[in-house]
Amino acid sequence: MKKLNRSAELLWIFGVVFVSLGVCICSKADLGVSMIAAPAFIVSELLSPISAFFSVGVTEYLIQGVLLIILCILIRKFNWRFLLAFLVGIIYGYTLNLFLWLFRDVTFEQAWLRWLMLLVGDIITGFGVACFFRTYMPLQVYELFVSKLSETFKLNINRVKWIFDLSLLVLSLTMALTLFGDAGDFNLSSITHTSFHSIGLGTFVTTAINSPIITFSGKIIDRLFSPTPLFLKLNRFLKKN
């Protein structure tokens, strides 16, 4: 099978679109979004009644901005390329807002359909992440945070990623149970068919199947695409700087 050459930029676009679409579908399934997406949904739910400015997408890139500041403090270094990761977060945030608006009236009533759509959303998200990893274009702050911490402190990147994901999961659970003052309404038995402030059994399922989906999607992408750059000058510029 002939591969599609000069597709690095296309895969980056696929990454933005498919990750945004996948997260949107997972949120509509109402079984809990991933630990990466959960903080933005939780904070947006808290602040959007105060100001419509705090949409999920806007809150997402604001959180990435805070995370970027924390990264610079931890590694005691700032590089202008870090701002490119923040820019990607902004583009992703507004793309996510677009899909949430397009799907605003979509609901899934039956429990089996919710679980099916969660799986569909996870597959789409995983495919998007795999696309991201095969391009020279900037990634989001989450990936930058893990890679730079690992590089600066000479740590195993897989271990840092695991700790990072676990930390976001604990943070999301804490936020969901404390920020709204309704922790007493939380019913453990209900998380199998609905979410509690964007946290549910689906959050843990997504965490478990995310890595295998990304790996499998990567193999498919590698068979179909040759992620060489279309814009050679841009590629050289980003690598040089």
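These are my notebook entries on a few spots I looked up in this predicted model.

**Entry 1: a serine inside a helix**

I began with Ser 20, which sits in helix H1, the stretch covering residues 8-29. Is Ser 20 buried or exposed? I found a relative accessible area of 0%, so Ser 20 is buried. Next I wanted to know which residues Ser 20 touches, leaving out those up to four places away in sequence. My list reads Tyr 92, Thr 95, Leu 96 and Phe 99.

I then turned to the loop between helix H7 (157-178) and helix H8 (201-224), where I found His 197. Most residues other than glycine have a negative phi. I noted that His 197 is not a glycine, yet its phi is positive, at about 50°. His 197 has 13% relative accessibility, so I wrote it down as buried.

Ser 198 belongs to the loop between H7 and H8 too. Its phi is also positive, about 70°, although Ser 198 is not a glycine. I put Ser 198 down as buried because its relative accessible area is 15%, and the cut-off for buried is under 20%.

How many disulfides does the structure hold? I counted zero. Cys 131 is in no disulfide, and the nearest cysteine sulfur, which belongs to Cys 26, is 16 Å away. Cys 131 is buried, at 0% relative accessibility. I also checked Cys 72, which is buried with a relative accessible area of 16%.

**Entry 2: a nonpolar patch**

On the surface I found a nonpolar patch made of Phe 78, Trp 80, Leu 83, Leu 230, Phe 231, Leu 234 and Phe 237. Together these residues have about 680 Å² of accessible area. I picked out Phe 231 for another look, and found it in the loop between H8 and helix H9 (232-240). Phe 231 has 47% relative accessibility, so I noted it as partly exposed.

**Entry 3: salt bridges**

My count of salt bridges came to four.

Asp 30 is partly exposed at 28% relative accessibility, whereas Arg 114 is buried at 15%.

Another salt bridge brings the side chains of Arg 134 and Asp 222 together, at 2.7 Å from N to O. Why did I write that this pair ties parts of the chain together? Arg 134 lies in the loop between H5 and helix H6 (141-153) while Asp 222 lies in helix H8, so the parts being tied are 88 residues apart in sequence. Arg 134 is partly exposed, with a relative accessible area of 24%, and Asp 222 is partly exposed with 34%.

My last pair was Lys 148 and Glu 151, whose closest N and O atoms are 3.7 Å apart. Both residues lie in helix H6, and they are three residues apart, about one turn of the helix. I noted Lys 148 as buried at 18% relative accessibility, but Glu 151 as partly exposed at 48%.

Methods:
Residues numbered from 1 in each chain as written. Predicted model: local features only at pLDDT ≥ 70, side-chain atom pairs only at ≥ 80, totals over all residues. Heavy atoms only, no water. Helix = DSSP H or I, 4+ residues; strand = E, 2+ residues; numbered from the N terminus. Buried < 20%, exposed > 50% of the residue type's maximum accessible area, 1.4 Å probe, protein only. Contact = heavy atoms within 4.5 Å. Disulfide = S-S within 2.5 Å. Patch = residues over 30% accessible without salt bridge, like charges linked within 9 Å, V, L, I, M, F, W, Y side chains within 5 Å. Areas by Shrake-Rupley, 256 points an atom, 1.4 Å probe, with all protein chains shown as cover.
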